[in-house]
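Q: Hi! I have a structure open and would like to go through it bit by bit. Could you help me find my way around?

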Amino acid sequence: MLSQALLPLALSKLPEAGEALSERLKTSLPNLSAELFDNVVAAPAADVVRWYLLWAIGLNGHGRIPVELLTTPWTTPDNPQAKYWQPAPAAAWAVTQIRQADPETLAALVKRLSFEDDPAWLKGDFVGALSALTGEQFGYGEVAWQTWWANRSTLP
């Protein structure tokens with residue numbers, strides 16, 4: 001099982017392990033379908049592998065999450081069993097866990113709040129990530145976050 005293989009790296013808390021896991025996110029992932037939960041749910045294997053890598057990086061506390069995972073459009077129809085295999089919510093959680101609060105990441109998190117096709121719970125994941133990383137409490141106030149970011153990004 002993938003989680004058992006990644007768990008020692010995740011729990012090692014070694015920066016080198018986090019970096020190695022991050023590098024694996026950049027490589028080609030399988031173009032297959034994964035059957036999960038006693039074949040109740042089918043998901044792209046690449047999404048499942050990416051999810052477990054993000055999970056391991058978050059637990060490890062080191063590494064770097066590619067910003068493009070934060071802005072991957074939400075395409076999954078309503079399906080509560082499979083929604084978590086998409087990269088965006090896992091990436092939002094992982095950047096919070098590793099405290100990845102650089103300008104590129106924060107800009108992507110703020111931008112994500114304007115994605116109209118995102119379910120409300122997913123917007124909540126991004127609001128939570130922004131609040132945890134910045135200490136700001138604008139809730140679901142998209143305009144407030146955008147104003148905060150515009151003011152912050154123009155500071156010397």
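Q: Which helix does serine 131 lie in?
A: Serine 131 is part of helix 6, which covers residues 120-134. Keep in mind that this is a predicted model.

Q: Is serine 131 buried or exposed?
A: Serine 131 counts as buried, because its relative accessibility is 13% and the cut-off for buried is under 20%.

Q: And what does serine 131 touch?
A: Leaving out residues up to four places away in sequence, serine 131 touches Glu136, Gln137 and Trp145.

Q: Is the crossing left-handed or right-handed?
A: Helix 4 passes helix 6 in a left-handed crossing.

Q: OK, new topic: strands! In which sense do strand 1 and strand 2 pair?
A: They pair in the antiparallel sense, over 4 bridges, with strand 2 made of residues 41-44. Alanine 34 stands opposite alanine 43 of strand 2.

Q: Which residues are on the covered face of strand 1?
A: Ala34 and Leu36 are on the covered face, while Ser33 and Glu35 are on the uncovered one. Strand 1 itself is residues 33-36.

Q: How many residues sit between the strands in that hairpin?
A: There are 4 residues between the strands, and in this hairpin phenylalanine 37 takes a positive phi near 55 degrees.

Q: Let's jump to helix 5. Which of its residues are buried?
A: In helix 5, residues 103-112, the buried ones are Thr105, Leu106, Ala108, Leu109, Val110 and Arg112.

Q: What happens at the start of helix 5?
A: There, aspartate 102 has a side-chain oxygen that reaches to within 3.2 Å of the backbone nitrogen of glutamate 104.

Q: Last one: where is arginine 152?
A: You'll find arginine 152 in helix 7, which spans residues 142-153. With a relative accessible area of 37%, arginine 152 is partly exposed.

Q: How far apart are arginine 152 and arginine 64 in space?
A: They are 22 Å apart, C-alpha to C-alpha, and 88 residues apart in sequence.

How values were computed
Residues numbered from 1 in each chain as written. Predicted model: local features only at pLDDT ≥ 70, side-chain atom pairs only at ≥ 80, totals over all residues. Heavy atoms only, no water. Helix = DSSP H or I, 4+ residues; strand = E, 2+ residues; numbered from the N terminus. Buried < 20%, exposed > 50% of the residue type's maximum accessible area, 1.4 Å probe, protein only. Pairing = 2+ DSSP bridges. Contact = heavy atoms within 4.5 Å. Polar contact = N/O pair within 3.5 Å; in protein donor to acceptor, adjacent residues only side chain to side chain. Left-handed = near helix turned anticlockwise from the far one by under 90°.
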